[in-house]
Amino acid sequence: MKSRILVAAVGIPALLYVVLAAPPWVMMAALCLLAGIGGMELQRCVGGVKRSELVSVSTVAAAVTVGWIYDRDHHLSVIIMLVVLLAFFSAIEKGGEVKFSQIMAGTGGSLFIGWSFASFLRLEASGIHRAYLLLPFILSFACDTFAFFAGLTLGKHKLAPKVSPKKTIEGSAGGLLGNVLCGLLFVWVMDRFFSGSAIGYGPMALLALLCGVVAQVGDLSFSLIKREFGIKDYGHLFLAHGGVLDRFDSVLFVAPVLEIIFSFL
């Protein structure tokens, strides 16, 4: 519990500073760092810890993807080709010791992590108020927190027992309700203290519901990977909260969805 409080006490102010006040290059640096660590965690999870070259490829690929493609999507094919070549070159050099799942984690997984984190930079570059960059975190962490307490107090029916035995349908419903409440609170804060919200209460309720579903899919997706490879946490960067992929699994799914929706709005 103490470690969770410590992470929150340090992490929340740092997150608010990076998202709301820091220069854009600080945000990019932070996202590149998180993406690089996430790529390394994923590669280690699937068994690449002893294949240092492949771990390095995954780490660098995820970090570079953030800084390169956030406003240069036409260069994505160049990044993909380079990463695939480097990953397979490493596998060939090992003489077949590296499995296909490890190669895919080093390519597809790392590129997805980098591309998802780059959503924040693309949103920021679009000219939207930087407060909206908090939404992927709010509509991910709120869902996770409310689902935990709702499941703890009301949970009886398992949601996905073969993937995450502790998650319940009641917890899932609580997470969706919590997302709606926090989304509506966000609109109220924007209306009350800023220049007004670009999203009304009704659309925000629907958006929060959608992001709640997406957040839970993201959470279960990374839990599925952990269960397949028999690990408890991806890392220990955030102490009891685990690693980057443990803490930001839902964010990696919610951020691109919000980017897509905001592009239409």
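**Helix packing and buried residues**

Tutor: The model is a predicted one. The buried residues of H10 pack against helix H5 (100–125), H6, H8 and helix H9 (244–247).

Student: Which residues of helix H10 (residues 249–264) are buried?

Tutor: Buried here means under 20% relative accessible area. In H10, that applies to Asp249, Ser250, Val251, Leu252, Val254, Ala255, Pro256, Leu258, Glu259 and Phe262.

Student: Are H2 and H5 roughly parallel or roughly antiparallel to each other?

Tutor: The axes of helix H2 (residues 24–45) and H5 come within 9 Å and cross at roughly 160 degrees. Angles over 145 degrees count as roughly antiparallel. H2 and H5 are therefore roughly antiparallel.

Student: By class, how many residues does the contact of H2 with H5 have?

Tutor: H2 passes H5 in a right-handed crossing. Among the residues making the contact are Met27, Leu31 and Gln43 of H2, and Gly106, Phe120 and Glu124 of H5. By class, the contact has 12 nonpolar, eight polar and one charged residues.

Student: Why are H7 and H8 described as oblique to each other?

Tutor: Helix H7 (residues 169–193) and helix H8 (residues 201–229) pack with their axes 8 Å apart, at an angle of about 140 degrees. Angles over 145 degrees would count as roughly antiparallel, and 65 to 115 as roughly perpendicular. The pair H7 and H8 is therefore oblique.

Student: Is the crossing of H7 and H8 left-handed or right-handed?

Tutor: H7 contributes residues including Leu176, Phe186 and Trp188 to the contact, and H8 contributes residues including Tyr201, Met204 and Gln216. By class, the contact has 13 nonpolar, five polar and one charged residues. The crossing of H7 and H8 is right-handed.

Student: Is Ser58 buried or exposed?

Tutor: Ser58 lies in helix H3 (residues 52–69). Beyond four places in sequence, Ser58 is in contact with Gly39, Gln43, Ala105, Gly106 and Ser110. Its relative accessible area is 0%, so Ser58 is buried.

Student: What separates the C-alpha atoms of Gly151 and Thr168?

Tutor: Gly151 is found in helix H6 (residues 135–154). Leaving aside neighbours within four places in sequence, Gly151 is in contact with Thr168 and Gly171. Gly151 and Thr168 are 17 residues apart along the chain, and their C-alpha atoms are separated by 5.9 Å.

Methods: Residues numbered from 1 in each chain as written. Predicted model: local features only at pLDDT ≥ 70, side-chain atom pairs only at ≥ 80, totals over all residues. Heavy atoms only, no water. Axes fitted to C-alpha atoms, helices over the stretch in contact; angles between N-to-C directions. Helix = DSSP H or I, 4+ residues; strand = E, 2+ residues; numbered from the N terminus. Parallel < 35°, antiparallel > 145°, perpendicular 65-115°, else oblique. Left-handed = near helix turned anticlockwise from the far one by under 90°. Contact = heavy atoms within 4.5 Å. Nonpolar A, V, L, I, M, F, W, Y, C, P; charged D, E, K, R; others polar. Buried < 20%, exposed > 50% of the residue type's maximum accessible area, 1.4 Å probe, protein only.
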